[in-house]
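Hi everyone, thanks for coming.

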Amino acid sequence: MLERLHFKFPAAALLITNGLMLTVPFQALAETCEAENSLLNMPLLLFVALVGATVGGLLARQRRGELARLNEQLRQINAALRRQAKIESYAPSLSYAPVGTRIAESEVIVDPRKEELISRLKTGKNFLRNQDPEKAFKEFKAGLELAQILEDPIEEKKAARGLGASLQRQGKFREAIQYHALVLQISERVGEDSGNTEAYGAIADCYTELGDLERAAKFYDNYIARLESD
């Protein structure tokens, strides 16, 4: 009798277990086998993906807006330049000077340092025209030092302008900005703004090359305003 009970109870237990498994939905059984944090991880990953997509979309729209503004500014610049064809490009000419301050070829230069200054600026200009910006930089650098010694702000601005142009030709845009900005600083110091229009344009060009369209737009605004007022 005991032997019969010994074998019957395990058999009954097996039958009951199998019956329970058949009555419980398979989905419920599967859920008990999943990791405890899976339901938390999936929504979190989805949230991160949505945030990334949203931020990416906002940045793309901002970039498109900056490019649209830049295109509009360039359109205005072209229109202003067509109205004022007398304005030359910034880098190659180095010809600006306030009315009445240009030195005539026949004028006798008393100070030999002034003569060397003029020679340095002309040589630097020729090197730029011949696509040799490194040599041009050296000439303009020497010219800037002489102009500072002679306290000649007009020639100092020409030299700074040439230095900025030389660096632009070499692709050194951040350094070029410093020298173009020097033109603006000298103008503010002496209260004479010749060359500022082109300086704004050159700085804007440098920022555009660096991909900083927001700053470029600000300087293009100044450039356009001066073109239209000149």
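Let's start with a word we'll need: a residue is buried if its relative accessible area is under 20%, exposed if over 50%, and partly exposed in between, using a 1.4 Å probe and protein chains only. This is a predicted model, where local features need pLDDT of at least 70 and side-chain atom pairs count only at pLDDT 80 or more, while totals for chains, interfaces and linings use all residues. Residues are numbered from 1 along each chain as its sequence is written, and side-chain values use heavy atoms, with hydrogens and water left out.

Our example is Leu70, which has 8% relative accessibility and therefore counts as buried. Leu70 sits in helix 3, residues 38-83; helices here are DSSP runs of H or I, at least four residues, numbered from the N terminus. Which residues does Leu70 touch, not counting those up to four places away in sequence? They are Thr208, Leu213 and Tyr220, where contact means heavy atoms within 4.5 Å. Leu70 is also 6.2 Å from Ala217, C-alpha to C-alpha, although 147 residues separate the two in sequence.

Tyr220 turns up again in the largest nonpolar core, a group of 34 residues. Such a core is a set of buried Ala, Val, Leu, Ile, Met, Phe, Trp, Tyr and Cys residues joined through side-chain atoms within 4.5 Å. Among the members with the most contacts inside this core are Phe140, Leu144 and Ile203. Helix 8 gives the largest share, nine residues. In soluble globular proteins, nonpolar side chains tend to be buried together.

Now follow Ile203. Beyond its neighbours within four places in sequence, Ile203 contacts Ile177, His180, Ala181, Leu184 and Phe219. Ile203 also belongs to the meeting of helix 8 and helix 9, where Ala176 and Ile177 of helix 8 are among the residues involved.

How do those two helices lie? The axes of helix 8 (residues 173-190) and helix 9 (residues 196-209) come within 9 Å and cross at roughly 160°. Axes are lines fitted to C-alpha atoms, for helices over the stretch in contact, and angles run from 0 to 180 degrees between N-to-C directions. Helix 8 and helix 9 are therefore roughly antiparallel, the term for angles over 145 degrees.

For contrast, helix 5 (residues 112-129) and helix 7 (residues 153-169) pack at about 25°, with axes 11 Å apart. That makes helix 5 roughly parallel to helix 7, a label for angles under 35 degrees.

Terms used. Angles under 35 degrees count as roughly parallel, over 145 as roughly antiparallel, 65 to 115 as roughly perpendicular and the rest as oblique.
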